[in-house]
Every structure is written in C-alpha cells, then in structure tokens.
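Okay, thanks everyone for coming.

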Amino acid sequence: MTNEELLQIIERTAREKATVLSLYNKKLSSLPPEISQLSNLTALALDQNQLSSLPPEVCQLSKLTVLDLNNNQLSSLPPEISQLSNLRWLSLFNNQLSSLPSEISQLSNLTELYLDNNQLSSLPTEISQLSNLTTLALNHNQLSNLPPEFSQLSNLTELALNHNQLSNLPPEFSQLSKLTELYLSNNQLSSLLSEFSQLSNLTMLVLNHNQLSSLPPEFSQLSNLTELHLSNNQLSSLPTEFSQLSNLLELDLSDNQLSSLPPEICQLSNLTELYLDNNQLSSLPPEISQLSNLTELYLDNNQLSSLTPEICQLSNLTSLSLKNNPQLSSPPPEIVEQGTQAILTYLRARLEAKG
C-alpha cells in the first residue's frame, strides 16, 4: 500500500468517526503522523506489516482499547505508549523487542499482554504495576530470571513462559495465587520451591523439557490440577503424596527415568490419560487397574517384563501402547503388535485362567 493510499484511508476513517481500523498485511514499513487524527478509534490492527518503529502519534489515540502489532519488526516501543491508558489488549508477538520501556507500567487497564517470540532477556520491575493483567504471554524469549516484584501481578490467571532460559523461580512467585494456567516448558528448571504449592488454583501446569529430578511433597497441594505435563525431565521417582492430585485428568510423565510407580497412583481416580512412555519401568503396580476412567495408557520404550492382567478391567481403555519393551513376555510381541483390543483380550484370558 502506498503512502497516498494510506492517507486516504486515514482521512476517510477520520471523517466517518470510525472506531475500528484494520491495516492488516498492507506491507507498511512506517505510519504517517496523520494517524493521530483517528481520535475515535477503540481498536487498531497493524499486524503482519514491516513496521520497525511505532510513531509517537499512535500513542495519541487515547480511546484505544485494542492494539494489534503482531508480526512486525519492532525493536522497541516509544515511552509515549504510556498515554494509551485505556488499552486493555496489547499484542506484540513476533517482533524484535529486546526490552520494554518502564512506561509500560502506566497501562493500568491492560488485562492481556502478548509478547511471545521476541528477544526479551529481562523484564522491567515496573511491569509489576500492571495490576489488572490476567493474561501474560512471554513464550520464546530469552528470560533467565523474573523480578521478585513480578509477584505483584495479583490478578494474573494465565502465564506463559515456555522456551526461555529460566533456571529458577523467585520465592515470591508463589504469591500469584489466582493463576489457573502456568506454562514453563523448555526452560532450565532443576527444582521447584516448596512454596510452589501455594498456587492452589492451578488447573493446568506445563513443565515439559526442564531438568527436574524430583518434586517436592508439597506439590500434592495443587489439588485443582486437571492437567500436569512433566515429560522430558529427570524424574526417577514420584512422591507418594502425588496421589492427592485427585482432580487430574491428564498426566504426562513420558521421557523421564522412572523405574517404578507408587501403588498410591490408583487414587488418581479421575485420570483419563496417562503417558509413561520412554522411562525405565520394569513393572506396574496391580493397583493401576483401579484407574477406572482411564482411556489412554502409553507404556512404550520401557523395561516391562510382564503386564498385570488386571489391566483388562479398565473398561474405558481405548488406547494401550506397549511397543519397544524388549523384555516383555506377557503379552508376547505378536499380541502387542496387534494393538489395544488384542492385548486386552489376551489379558482377560490370563485373568480368567488365574481366577
């Protein structure tokens, strides 16, 4: 789009006192100062362009509640952004931001902030003043730590920090008591604080691809969890208290170093999906057959020598995978290759013969 065409659009939009303007994917590399004339705008979409900077004039659009700047080439934000005091939704993913101005703290009505796929290595402590923020997405950045003040984001319900360089979390992190979804996969976390258990409203916790070798017993206090993802860590055992996570529906423990499971796992009575592939399990506790809601059980790439026949009592099981257990003799390889129904039929026959 030429500058002349853009000016015509701005003029028409101003004349019509329009409240919404989309300039999506118009190959814009800059915006003219005249954009400040759009004083009635409440929503402005500038995503999928080639903007390398945001002119201060955009910040004069004081009625804006929604600003979409995804997929541009922004390396910084102007301090004047503080003037957008009515902004509720700001999206900046896929840019080249290496820092945020401290003035961002003045966007006091902001509830959602998306900063994924940038080059942020730290956050200004002032970000903690965004007290109405409910959603903060920082996936795919270069964050190595979080400021302690981060804990003041007391209304945060969803926090996404996948693919960063976090090796620990500040103790104050546990004060984010309204969090329901927390994404921390692909970081460098080697341990979790016992205070972590204070995040009692969590329903979704994603910790895949970290360096966790154990979980604190207090972890069991996350009693509202329905999904827990712990694949690709270094867990060799689970605390018995783990069984108190009674609302879990999905549990992913694949790609760890588990050699056994606590019998108490049978108390996870709502579990529908259990991923245990790529571990070092040599046996399963018979109690696993009490997980009556289980629909999917993945046990590929372990050291199982036999499968407890009671597993056939899992009447809701539709997917049972046992590939690459080289020591498995019961069921034998030719049955395993035929899939779930063949395995369950075999186990049923074993159980009847037993009984």
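So, start with the side chain of N95, which reaches the backbone nitrogen of N72 at 3.3 Å. I'm calling that a polar contact, meaning N or O atoms within 3.5 Å, where within protein one must be able to donate a hydrogen and the other to accept it, and residues adjacent in sequence count only if both atoms are side-chain atoms. Before I go on: this is a predicted model, so local features need pLDDT of at least 70 and side-chain atom pairs count only at pLDDT 80 or more, while totals for chains, interfaces and linings use all residues. Residues are numbered from 1 along each chain as its sequence is written, and side-chain values use heavy atoms, with hydrogens and water left out.

Back to N95. You'll find it in the loop between β4 (89-91) and β5 (112-114); strands here are DSSP runs of E, at least two residues, helices are runs of H or I, at least four, and both are numbered from the N terminus. Is N95 buried or exposed? Buried, at 6% relative accessible area, where buried is under 20%, exposed is over 50% and partly exposed is in between, using a 1.4 Å probe and protein chains only. Leaving out residues up to four places away in sequence, N95 touches L69, N70, N71, N72, Q73, L74, N117 and N118, and contact means heavy atoms within 4.5 Å.

One of those partners, N117, has a positive phi of about 55° although it isn't a glycine. N117 sits in the loop between β5 and β6 and is partly exposed, at 32%. D255 also has a positive phi of about 55°, and it's not a glycine either. That one is in the loop between β11 (250-252) and β12 (273-275), partly exposed at 29%. For context, most residues other than glycine have a negative phi, and most peptide bonds are trans. The bond from S330 to P331, though, is cis, with omega near 0°.

Next, L146, in the loop between β6 (135-137) and β7 (158-160). L146 is buried at 5%, and its contacts, again skipping residues up to four places away, are L123, L161, L166, L169, P170 and F173.

Last, cysteines. How many disulfides does a search of the whole structure find? It finds 0, with a disulfide taken as two cysteine sulfur atoms within 2.5 Å. Take C312: its sulfur is 17 Å from the closest cysteine sulfur, in C266, so that's too far for a bond. C312 is buried, at 9%, and C59 is buried too, at 0%.
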